[in-house]
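Dear colleague,

Please find below the structure that I am handing over to you. My notes on it follow directly after.

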Amino acid sequence: MAQGATGKKARPLSPHLSIWRWGPAMFTSIMHRVSGNGLAVVGLGALLCWLGTLAAGPEAYAKYAAFAVSPLGRIIFVGISWAYFNHLCSGLRHLLMDIGGGFEVKTNNMWSILTHVFGVALTVAFWAILLLR
């Protein structure tokens, strides 16, 4: 490590990654970013394709609708809906923390885990409602 102006070893400006221990809050933070970026890229792409085929006419829209109900289309749309619900639950967790709650380690870890449980549960409920009506 480089010598500082005082002759002592310069300390890093931020903690090095090797001292961090993985935990639920860290995983939730990363997944919040992943789901947000997934919504921005894949969700926006799906929306723009839908609007483009809607504007292009019935034949183009029929192709999009056929793709949407295909196995690959279902995987993509389930992924988009999971990203939405996961991002929503994680955002509500952040809102709770922004107003001053949930900073205790046990509470933070519990809400971090429940964020993912609620995200999956809401996705399953959403698709159950869509497919079973």
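S90 lies in helix α3; helices here are DSSP runs of H or I with at least four residues, strands are runs of E with at least two, and both are numbered from the N terminus. At 1% relative accessibility, S90 counts as buried, a term that means under 20% relative accessible area, with exposed being over 50% and partly exposed in between (1.4 Å probe, protein chains only). Leaving aside residues up to four places away in sequence, S90 touches T28, H32 and T115, where contact means heavy atoms within 4.5 Å. S90 and H32 are 58 residues apart along the chain, yet their C-alpha atoms are separated by 6.2 Å.

Please note that this is a predicted model, in which local features need pLDDT of at least 70 and side-chain atom pairs count only at pLDDT 80 or more, while totals for chains, interfaces and linings use all residues. Residues are numbered from 1 along each chain as its sequence is written, and side-chain values use heavy atoms, with hydrogens and water left out.

As to the chain overall, the protein has four helices and zero strands, in the order α-α-α-α along the sequence. Of its 133 residues, 23% are buried. Among contacts between residues at least 6 apart in sequence, 64% join residues at least 24 apart. The accessible surface comes to about 9,600 Å², and carbon and sulfur atoms account for 74% of this surface; the areas come from the Shrake-Rupley method with a 1.4 Å probe, and for residues only the protein chains shown count as cover.

I turn now to the helix pairs. The axes of α1 (residues 24-56) and α3 (residues 71-98) come within 8 Å and cross at roughly 135°. Axes are lines fitted to C-alpha atoms, for helices over the stretch in contact, and angles run from 0 to 180 degrees between N-to-C directions. The two helices α1 and α3 are therefore oblique to each other; angles under 35 degrees count as roughly parallel, over 145 as roughly antiparallel, 65 to 115 as roughly perpendicular and the rest as oblique. The crossing of α1 and α3 is left-handed, that is, the near helix is turned anticlockwise from the far one by less than a right angle, whereas clockwise would be right-handed. Residues in this contact include T28, H32 and A46 of α1, and F77 and S90 of α3. By class, the contact of α1 with α3 has eleven nonpolar, ten polar and one charged residues. Here Ala, Val, Leu, Ile, Met, Phe, Trp, Tyr, Cys and Pro count as nonpolar, Asp, Glu, Lys and Arg as charged, and the others, Gly among them, as polar.

Helix α2 (residues 58-68) and α3 have axes that come within 6 Å and cross at roughly 75°, which makes α2 roughly perpendicular to α3. On the α2 side, Y64, F67 and A68 meet L72, G73, R74, I76 and F77 of α3. This contact of α2 with α3 has six nonpolar, one polar and one charged residues.

Y64, in α2, is buried with a relative accessible area of 14%. Beyond residues up to four places away in sequence, Y64 touches A46, C49, W50, T53 and F77. The C-alpha atoms of Y64 and T53, eleven residues apart along the chain, are separated by 6.8 Å.

Lastly, α3 and α4 (residues 105-132) pack at an angle of about 140°, with their axes 8 Å apart, in a right-handed crossing. Their contact has 14 nonpolar, nine polar and two charged residues.

With kind regards
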